[in-house]
Amino acid sequence: MTTILRTPKGWPSILLARAGAKDPTDLDAAVAAGAFVGFRRAIHDLGPTRITATIAASGLRGRGGAGFSTGEKWRAAAATDAPRRYVVANGYGADPAVLTDRTLLETDPYAVIEGLAIAAIAIDADEAFIAVRTEAVEAIRRLEAAIGAAEEAGFIGPDVLGTGRSLTVTVRPVQGAYMLGEETVLLKALEGKRGQPEQRPPYPAEHGLFGMPTVVQNVQTLAAVPWIIVNGPEAFAAIGSKASPGTILVAVRGAAGAGIAEVPLGTPLREIVALAGSPKRARDDGGTAAGASALKAVLVGGPSGGLLPPDLLDTPYEFDALREVGAHVGSGSVVVADQRACIVDLARLLTRFCADEACGKTIPCRIGTRRISEIGDRIAIGVPRPTDLQLLADLSADVVASALCDHERLATLPYASGMRYFRSELDDHILRSSCPAGVCRPIAVAAGAAH
């Protein structure tokens, strides 16, 4: 089980409120703690239109990384004329180093099931799926046990709470690459097809699983829905930032350890970094406190995230603010790097991972990301070409402009942020064949040796 980090006393808990339960699959205990109160209210008192209006008024945005309005997605799916509709909970957790979604599924499966059921009512769907990594054995076991108990109690199944509505919820283990985090790729996997993205529009809310309108939501998004129904959209909107209300799970890795924390969106990066311990800032005289290594950078967003310098630690952790500084919420990962890390080496490793995980459907995906990785390799080993930095910038711009999906666009961020904030370190490798951190071993080539 992943460590759940202790957060400041004043921070609200929505997603992990029932995380301390002895048996997360015990339905009676979950109901006693408030599970399915929101579902009863939604199905008996609100109805589809008012459910969607409530979620839209709360400002809930998708926690899968893109931050799209949840209410708008539900409205689009409900308004599309079709014989049937689907809801898909994305609990795949594409980033192999981040277990936020899996932790939620293991600690409170009923929150996800309840949110999924409310979404199904809102768009008039009678079938829903929860996508989980095949290797997430414990999460799958607990989900299946929770679904069985919820069916027996009448919360889902052929006659939901005696209303005559039918809702089938199925756990679908899926196995594949990092690309499955993208919603159209995930839908292809659920259909048993090759996992590659589709051109949008049309969006899945209009043309998704099996060609039907489909709402695809991250499990964290769905887990917040019951809380909003019970406490009201105004209460949710008052948490976090105005543009990005509510809380989100963040995987934090720092000097003192690693774990998962539920943080209000809009929290400064500095406070999130502090949850797992962070290297101390360098002193004004250039030194550091005894035994400490100065913080050099914070990787925000996972393998395709941005590398941010210490003077941006006051940036709010929320969708729009992070995009402005060259990072993104992404997989919900925040990793602290101290002075022992080399920015060039970090960017090259991240870019190589993104290139290896690219599906290859388009030229920017198949060739562009690979060429960016190769340029980084040249810089790291000390044999760059004079035009490499300009080529890196131009190629990254071309990939972003012509990419089919966000994987290609975001794969450029490690080097883009490196050139933006750590240019001197790239210059050390290129102009002086030197790695200040001592990580890379650039090869010095004497003048005229290449003739």
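**Sheets, pocket and backbone**

Author: In this predicted model, H4 lies across S1, S2 and S4, and the direction of H4 runs at about 110 degrees to S1.

Reader: In what order do the strands of the four-stranded open sheet stand, and which of them are at the edges?

Author: The pairing in this open sheet of four strands is parallel, and the order is S3-S2-S1-S4. Each edge strand has a single partner strand, so one side of each is left without a neighbour in the sheet; the edge strands are strand S3 (168-174) and strand S4 (214-218).

Reader: How many bridges join S1 to S2, and what is the bridge partner of Tyr 86 in S2?

Author: Strand S1, residues 86-91, and strand S2, residues 127-133, run parallel, and the bridges that join them number six. For Tyr 86, the bridge partner in S2 is Glu 127.

Reader: What is the strand order of the five-stranded open sheet, and what is its average twist from one strand to the next?

Author: The five strands form an open sheet with mixed pairing, in the order S6-S5-S9-S7-S8. Its edge strands, which pair on one side only, are S6 and strand S8 (306-308). From one strand to the next, the twist averages 25 degrees.

Reader: In which sense do S5 and S6 pair, and what angle does the direction of H4 make with that of S5?

Author: S5 and S6 pair over eight bridges, in the antiparallel sense, and the bridge partner of Gly 254 in S6 is Gly 257. Helix H4 (residues 100-107) packs on this sheet, where H4 touches S5 and S6, and its direction makes with that of S5 an angle of about 120 degrees.

Reader: How much space lies in the second largest pocket, and which elements give two or more residues to its lining?

Author: The space in the second largest pocket comes to about 510 Å³. Of the 25 residues that line this pocket, the closest to its centre are Ala 97, Arg 253, Leu 299, Ser 333 and Val 335. The elements that give two or more residues to the lining are strand S5 (247-254), strand S6 (257-264), strand S9 (333-338) and helix H12 (343-357).

Reader: What is the phi of Asp 124, and what is that of Ser 433?

Author: Most residues other than glycine have a negative phi. Asp 124, in the loop between helix H5 (109-123) and S2, has a positive phi near 65 degrees. Ser 433, in the segment after helix H17 (423-431), has a positive phi of about 50 degrees.

Reader: How many helices and strands does the protein have, and what is its radius of gyration?

Author: The secondary structure comes to 17 helices and nine strands. For 451 residues the globule rule gives 22 Å, and the protein comes close to this, so it is as compact as a globular protein of that length, with a radius of gyration of 23 Å.

Terms used. Residues are numbered from 1 along each chain as its sequence is written. This is a predicted model: local features need pLDDT of at least 70, side-chain atom pairs count only at pLDDT 80 or more; totals for chains, interfaces and linings use all residues. Side-chain values use heavy atoms; hydrogens and water are left out. On a 1 Å grid over the protein atoms alone, a cavity is a set of points where a 1.4 Å probe fits but cannot get out, and a pocket is an open set with protein on both sides within 12 Å along at least five of seven lines; lining residues have an atom within 4 Å of a point. Grid points are joined across faces, edges and corners, and a volume is the space filled by probe spheres set on the points. Two strands pair if DSSP finds at least two bridges between them. Axes are lines fitted to C-alpha atoms, for helices over the stretch in contact, and angles run from 0 to 180 degrees between N-to-C directions. Contact means heavy atoms within 4.5 Å. The radius of gyration is taken over C-alpha atoms; the globule rule is 2.2 Å times the number of residues to the power 0.38.
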